[in-house]
Amino acid sequence: MEFLPLTEPVLLILLSLAGQPRHGYSILKDVEQMSDGRVVLSTGTLYGALRRLLDEDWIERIEEQDSSRGRQAYRLTTRGRRNLQVEVGRMKQLTRLANLRIAGKQA
Amino acid sequence: MLTLNVYRHLLLLYPASHRDRFGEEMVSVFGEMQAEATGMGTGAQIGFFVRETAGLVTGALREHWRSLGGGSIGLLFPTRRVTMHSEFRFPKATAVLMTIILAGVIVAIKQGEAIVASVPHVSQPVGTIHPVHSVLLGGIVQGIVFFYAAGMIGWAILFAMRRSGVHRLAETSGTPK
């Protein structure tokens, strides 16, 4: 996996799309909520990330029912979901190791 | 503040391909965010304005860099050599600090006005002290103009490099094919 590990904003964007398809504004608000206001993306940053994720086939555009407002919804592709699972697995392993080390046990 | 019209103009900093693909969508999302920010305090609005302006300018530079063949410069994945912060954060502490500084400036000006009023004008009266509000507004407008001009200059440089073929240098290989 060339692109792993992911940065926190991209990880949050992918997690936002993991539950359901979302359009841009919904992703921004969900990312802000998930990070307790710590990560607030600008539209420039969001669409730079979405462009790259689209190009890498991690996400795809889907037709939005309300297309009159220039909205486009996005969802994870199979590849994107698989990569997200790999990244979460890596983080779990890291967390487990960190907990063991902090507790003073050898892993 | 950053209006939809100004936002549309700042979008011109992006490569045409990016604008065609995401332009209308970005404007739509910005409109929703702007409507939400309108109901917030001044600090939050300034934070929103700075974040959006900085995000657009840096995003446009990244997209131009990528279109020149420079690849990603750390927007998404930290494995790249150059890593940039992909979000602009405006800490609340900064807003508090700015408020304190503003209060200090206002107090200093008021005291200055009081001193001027207490000193009798013998020969040369002290010049008019402009109200701090107009000075601040002027500074914000100048800031917008500065960001816009800096973005346009950056875009012009990248455009000139593209026209001159400099970007192709990165594609050249040291070994014969």
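Helices (H or I, at least four residues) and strands (E, at least two) are DSSP runs, numbered from the N terminus. The model shown in these views is predicted.

**View 1. A:Asp57 sits in the loop between H3 and E2 of chain A.** A:Asp57 is not a glycine, yet its phi is positive, at about 65°.

**View 2. A:Asp36 lies in the loop between helix H2 (24-34) and helix H3 (43-55) of chain A.** Phi of A:Asp36 is positive, near 55°, in a residue other than glycine. A:Asp36 has 7 other C-beta atoms within 10 Å and is therefore exposed.

**View 3. Three strands of chain A form an open sheet.** The strand order is E1-E3-E2, and the pairing is antiparallel. E1 and E2 of chain A are the edge strands, each pairing on one side only. In general, strands of a sheet pair through backbone hydrogen bonds, either parallel or antiparallel.

**View 4. Strand E1 of chain A pairs with strand E3 of chain A.** E1 covers residues 22-23, and E3 covers residues 73-76. Two bridges link these strands in the antiparallel sense.

**View 5. Strand E2 of chain A is joined to E3(A).** E2 spans residues 59-62. It runs antiparallel to E3(A), with four bridges between them. Which residue in E3(A) is the bridge partner of A:Arg61? The partner is A:Tyr74.

**View 6. A:Ala73 belongs to strand E3 of chain A.** Is A:Ala73 buried or exposed? A residue is buried if 20 or more other C-beta atoms lie within 10 Å of its own. A:Ala73 has 20 within that distance, so it is buried. A:Tyr25 is 48 residues away from A:Ala73 along the chain. The C-alpha atoms of A:Ala73 and A:Tyr25 are separated by 9.8 Å.

**View 7. Helix H1 of chain B crosses helix H2 of chain B.** H1 runs over residues 4-11, and H2 over residues 16-38. Their axes come within 10 Å and cross at roughly 155°. Angles over 145 degrees count as roughly antiparallel, so H1(B) and H2(B) are roughly antiparallel to each other. The crossing of H1(B) and H2(B) is right-handed.

**View 8. Residues of H1(B) meet residues of H2(B).** From H1(B) come B:Leu4, B:Tyr7, B:Arg8 and B:Leu11. From H2(B) come B:Arg19, B:Gly23, B:Met26, B:Val27, B:Phe30, B:Gly31 and B:Gln34. What is the make-up of this contact of H1(B) with H2(B)? Six residues are nonpolar, three are polar and two are charged.

**View 9. Chain B has five helices and zero strands.** Read from the N terminus, its elements run α-α-α-α-α. Chain B has 177 residues, and buried residues make up 19% of them. Take the contacts in chain B between residues at least 6 apart in sequence: 60% of them join residues at least 24 apart.

How values were computed. Residues numbered from 1 in each chain as written. Chains lettered and ligands numbered in written order. Predicted model: local features only at pLDDT ≥ 70, side-chain atom pairs only at ≥ 80, totals over all residues. Pairing = 2+ DSSP bridges. Buried ≥ 20, exposed ≤ 12 C-beta atoms within 10 Å, placed from the backbone. Axes fitted to C-alpha atoms, helices over the stretch in contact; angles between N-to-C directions. Parallel < 35°, antiparallel > 145°, perpendicular 65-115°, else oblique. Left-handed = near helix turned anticlockwise from the far one by under 90°. Contact = placed C-beta atoms within 7 Å. Nonpolar A, V, L, I, M, F, W, Y, C, P; charged D, E, K, R; others polar.
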